[in-house]
Amino acid sequence: MRGLTSTLSIGLSLAGLLTGAAPAPAAPSRTPGPLSAYEHQRLAWGRCPEAQKELNAAGAECARVTVPLDYSAPGGRTIRIAISRVKAADTADRRGILLSNPGGPGGSGLATTLALRPALKQAADGYDLIGFDPRFLGESSPIRCAPAPPPTPPGPSTSARADFEASVRAARDTARRCREHGDNAALLPHASSRNVARDMDVIRAALGERKLSYYGVSYGADLGAVYTQMFPRRTDRMVIDSSTDPTATQYELFQRSGRPAEEALDAWAAWTARRHDTYRLGRTAPEVRAAVQGLLDRAERRPVDIGGQRLDAPVLRMLLKQPLQHTENDAALAAIVRDLVGAAKGESTEPGPELAAMLALLSSPDLADSMVGGAIYMCGDGGWPAGGWPKDPETYWRNSGRSRATQPVFGPYVNGMIAPCAFWTGEPREAGTVIGNDVPVLMLQARRDNNVPYDGALALHARLTGSRLITADIRSHGVYGRGLDGHRPVPCADQAVNDYLRTGSLPAHDLTCRSPEGEGAAFREAGSQEGVHASAIDTLFS
């Protein structure tokens, strides 16, 4: 999830418009429709862009698929979607195509499906692995905004209100730079999750496939769910990992992540207290918590100077929340907090490697533009999965203040980070996607995900009546293929996904995978769907 303006752009960084005429069809369709020329276009395959070293090393080939800019006027202007393909190793038992999306919104994905191959193991052999950059991102007719001015560092003193006003100015400037640059005003209304799903279906058809299989994580999971509603008969084996409540707006989803983030901070504080001799942040969890709160309270008066940079409280909250997503990052987070607390006390502190890496991101000249991909979808969607942002800046300020009583560390972050959508001109062209059918779907969710909370997945699961849910009893954002990122894998979840992609058979019941630290990380039946929902909500943050 989905991160936000000056602070949003940091979270989303942790994306020459190509246009042309509608393509010529390879052969006349039996029942020509308005999209027939796109669905039957000939693709020119060749070497992938030089920057895609992994794809080229794997022998992948790349092409561009022409799609309508506006699906309601398919005879008009077109854009081109970059795709990659690694052909199935097992041609005798080839199943079809497997697409993926890495999340965001705003993540490019040309090499994402290939990157999954080590986790897919033998399941990959039956599929052409298809990567793609969503429209307006990466190599797919990218939208660019006017260059951002050099960032203005915080002054030596500040306040919570002054920090908020700075974020409002940054959001307003981003909206202006994007809207007024080039012909973006004509393009931006067509940046939406539903149009990405339509592009996916054109990719499917242009590849000559009746159906597509898919893996998506975070926003990519929600995008997969959107596809199942728009193209249920074209959905083959659908796997969605770390999804959200389809009845909520994106802003509401941000807000809901505050409570589990505070719970995760409690767990981290207990871990850190047991290592007081190393981190010197307190011998008890409340003492560690107090050290964090003291750091933020001071930063709301005097930003922290460290590593040649000055960090205000909104940035500090973001720096705390990002590593908290995964238990494996507890040591890195403790080291970061130790360095920041020392600097806030006026100690001469040289940032350690963990904090230094984040400071390097903060000082990147490309930082202001790194959030553009996320913003265009958050502002382009008319509701779930990515849209639904309040227009009045004071709404964010009021909610931020109200949250401090129960969510003192992360409440101001998840409630107060104003998106450029508050200043986006024009309204989304479509409403959000409504979920409700029985398409078979395999869902995965970490019980202690503090980015997209577990109860959101339960809400989506209830509406996808043909779905099965695999719960991993861990703190993580993303369950499948965790070993690819150097995290502890969840073997029973990885096995369930690969079995489903190979056989097409969903588990008979919802399942819970024990923590990898537990005995065997084996399957455990979660019982009936009704029982799963009740018990899971009771133990949501356990």
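Me: Why is Y227 called buried?
Reply: Y227 has 0% relative accessibility. Buried means under 20% relative accessible area, exposed means over 50%, and partly exposed lies in between (1.4 Å probe, protein chains only). So Y227 counts as buried. Some background: this is a predicted model, where local features need pLDDT of at least 70, side-chain atom pairs count only at pLDDT 80 or more, and totals for chains, interfaces and linings use all residues. Residues are numbered from 1 along each chain as its sequence is written, and side-chain values use heavy atoms, with hydrogens and water left out.

Me: What makes Y227 and F231 an aromatic pair, and is the pair stacked, tilted or edge-to-face?
Reply: Rings of Phe, Tyr and Trp (its six-membered ring) pair if their centres lie within 6.5 Å. The centres of Y227 and F231 are 5.0 Å apart. Planes under 30 degrees apart count as stacked, over 60 as edge-to-face, and the rest as tilted. The angle here is 35°, and the pair is tilted. F231 is buried too, because its relative accessible area is 18%.

Me: How many aromatic pairs does the structure hold?
Reply: It holds 7. Ring pairs also link Y251, F254, W389 and Y396 into a cluster.

Me: How do you know that the charge of R85 sits over the ring of W45?
Reply: The test asks for NZ of Lys or CZ of Arg within 6 Å of the ring centre and within 35 degrees of the ring normal. The charged end of R85 is 3.9 Å from the centre of the W45 ring, and sits over it. R161 lies over the face of W397, at 4.9 Å from the ring centre.

Me: Is R85 buried or exposed?
Reply: R85 is buried, because its relative accessible area is 14%. R85 is found in strand β2 (residues 78-86). Strands are DSSP runs of E, at least two residues; helices are runs of H or I, at least four; both are numbered from the N terminus.

Me: Why is S243 called buried?
Reply: Its relative accessible area is 0%, so S243 is buried. S243 is in the loop between β6 (235-241) and α10 (250-256). The C-alpha atoms of S243 and D222 are separated by 5.7 Å, although the two are 21 residues apart along the chain.

Me: What makes β6 mostly covered?
Reply: In β6, 7 of its 7 residues are buried.
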